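Open the model in your viewer and keep the selection panel at hand. The stops below go from helix packing to charged pairs.

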Amino acid sequence: MKSKSVSLKKPLLQVALDFADLKRALKLAVEAVDGGCDWIEVGTPLIKSEGLNAVREMKSRFPQIPIVADMKTMDVGRLEVELAAKAGATIVGVLGASSDETIKEAVSAARNYGANIIVDMIEVRDIVKRAREAEKMGADFIGIHIPIDEQMKGKVSFDIVRKVASSVGIPVSVAGGINSENASEVVRNGAAIVVAGGAITKSKDAKKAVEDIKRAITRKIKVKSEFFKRVDENNIRDILSKVSAANISDAIHRCPPLVGLSAICPGAKTFGRAITVRTYPGDWAKPVEAIDAASVGDIIVIDAGGVGPAVWGELATRSAMIKKISGVVIDGAIRDTADIKKMKFPAYAKIITPQAGEPKGFGEINVPVTVSDVRISPGDWIFGDEDGVIVIPKETAVEHINRAMDVLERENRLRTEINSGQTLADLIELLKWEKK
């Protein structure tokens with residue numbers, strides 16, 4: 001079965017509504033339509049949360065706009081496409097990883113009910129080969145999808161778009177990490193449909209975000225985005241300067257801070273790679289030696305057993321500031337806190353005491369340490385603010401810091417909606433989600 005001939009005269013913008021709440025999705029859809037979006041996508045999370053009623057509501061509110069139902073159908077292709085089409089979907093999504101028979105059945109049902117089929121290549125190994133097969137089976141569109149979980153790991157590349165677009169004769173849709181700064185690149189590589197989700201749904205001004213992306217794809221230019229570039233190993237510090245310990249905790253599945261540590265300087269915020277020290281209670285030799293071993297921007301993390309006497313004070317702080325060290329975290333005692341506050345040096349400690357220890361020289365530098373039952377390795381990222389200190393393992397730093405930025409961006413949208421007069425409970429329909 002050959003695909004129907006679908007010709008698009010210009011690149012289109014599809015807005016993906018990946019909400020869990022229909023009310024919020026409808027509100028944003030109004031802004032997106034006002035901004036000039038071409039298609040509205042009822043995202044998979046919204047369909048799973050609200051059912052196909054979400055499609056019905058969108059079609060009822062916006063009868064002139066094509067509605068994409070991102071069903072991600074993997075089996076029973078005929079039934080799922082029939083249900084979506086009857087609910088008002090113009091385009092229905094089927095997974096390229098599903099069987100040939102599922103795709104053929106989906107295409108057949110779409111023909112019966114006047115809908116179109118997009119075959120989503122998410123997690124398909126040979127995308128070009130499968131795209132050609134899907135076209136022969138009657139697909140109307142090919143969807144290239146960079147999964148959100150991969151975006152969080154810094155994997156955003158549009159190289160495959162060009163290869164697929166030059167290999168098939170049907171329009172190619174591209175989703176995943178697209179904003180007004182990279183949308184033109186997607187179009188230049190051959191995309192006929194640009195799918196934008198978070199760059200719009202997390203925006204403080206969704207209408208403007210839509211207008212910016214539309215301008216980018218029609219003029220093939222970069223338009224500055226309010227959203228920060230996704231993190232890689234080279235710009236971790238830039239992202240950390242934007243987020244909070246609370247954002248990071250949420251990103252790492254609500255991980256707790258290092259328990260029992262207090263910020264010495266109110267308002268302090270710091271981040272850097274850990275240079276670790278294990279020392280005996282009151283032995284300040286290795287902590288001071290670590291200052292010389294540290295690099296600019298590092299944070300010294302001292303395991304002193306959680307007890308006194310002090311292993312850090314004003315003179316060590318002065319030395320650390322000369323070396324441009326970003327802070328110190330002490331599972332133990334600190335002193336000279338009045339002076340340290342005046343210097344505004346980010347310091348966290350379990351105990352404040354005037355009593356100093358002795359420099360005996362026991363201990364080690366740059367070995368794994370344990371603070372508040374959290375294992376910290378040299379090179380892990382440390383983040384501290386007034387809420388506490390969070391450890392970000394170096395192996396997962398890119399992913400977790402990206403997720404922290406995603407948390408902040410989503411909260412920024414919620415702030416905008418709250419400021420418009422809604423309470424948080426009403427906004428997220430809290431009662432609906434309470435466990436029964």
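Contact here means heavy atoms within 4.5 Å. Helices (H or I, at least four residues) are DSSP runs, numbered from the N terminus. This is a predicted model, where local features need pLDDT of at least 70, side-chain atom pairs count only at pLDDT 80 or more, and totals for chains, interfaces and linings use all residues. Residues are numbered from 1 along each chain as its sequence is written, and side-chain values use heavy atoms, with hydrogens and water left out.

**Stop 1: α4 and α5**

Select residues 77–87 (helix α4) and 100–113 (helix α5). Their axes come within 7 Å and cross at roughly 30 degrees. Axes are lines fitted to C-alpha atoms, for helices over the stretch in contact, and angles run from 0 to 180 degrees between N-to-C directions. α4 and α5 are therefore roughly parallel (the cut-off is under 35 degrees).

Now show side chains. On α4, pick Gly 77, Arg 78, Val 81, Glu 82, Ala 85 and Lys 86. They meet α5 residues including Thr 102, Glu 105, Ala 109 and Tyr 113.

**Stop 2: α1 and α11**

Select helix α1 (22–35) and helix α11 (206–219). The axes are 7 Å apart, at an angle of about 40 degrees. Leu 28, Glu 31, Ala 32, Asp 34 and Gly 35 of α1 make the contact with Ala 206, Lys 207, Val 210 and Glu 211 of α11.

**Stop 3**

How many salt bridges does the rule give? The count comes to 29. A salt bridge is a side-chain nitrogen of Lys or Arg within 4 Å of a carboxyl oxygen of Asp or Glu.

Select Lys 202 and Asp 406: the closest N and O atoms of this salt bridge are 2.5 Å apart. Asp 406 lies in helix α17 (397–419) and Lys 202 in the loop between α10 (198–201) and α11, so the pair ties together parts 204 residues apart in sequence.

Buried or exposed? Both Glu 409 and Lys 202 are buried, and so is Asp 406 (buried means under 20% relative accessible area, with a 1.4 Å probe and protein chains only).

**Stop 4: a network**

Finish with Arg 24, Lys 27, Glu 31, Arg 413 and Glu 417. Salt bridges that share partners join these residues into one network.

Note on methods. Helix = DSSP H or I, 4+ residues; strand = E, 2+ residues; numbered from the N terminus. Parallel < 35°, antiparallel > 145°, perpendicular 65-115°, else oblique. Buried < 20%, exposed > 50% of the residue type's maximum accessible area, 1.4 Å probe, protein only.
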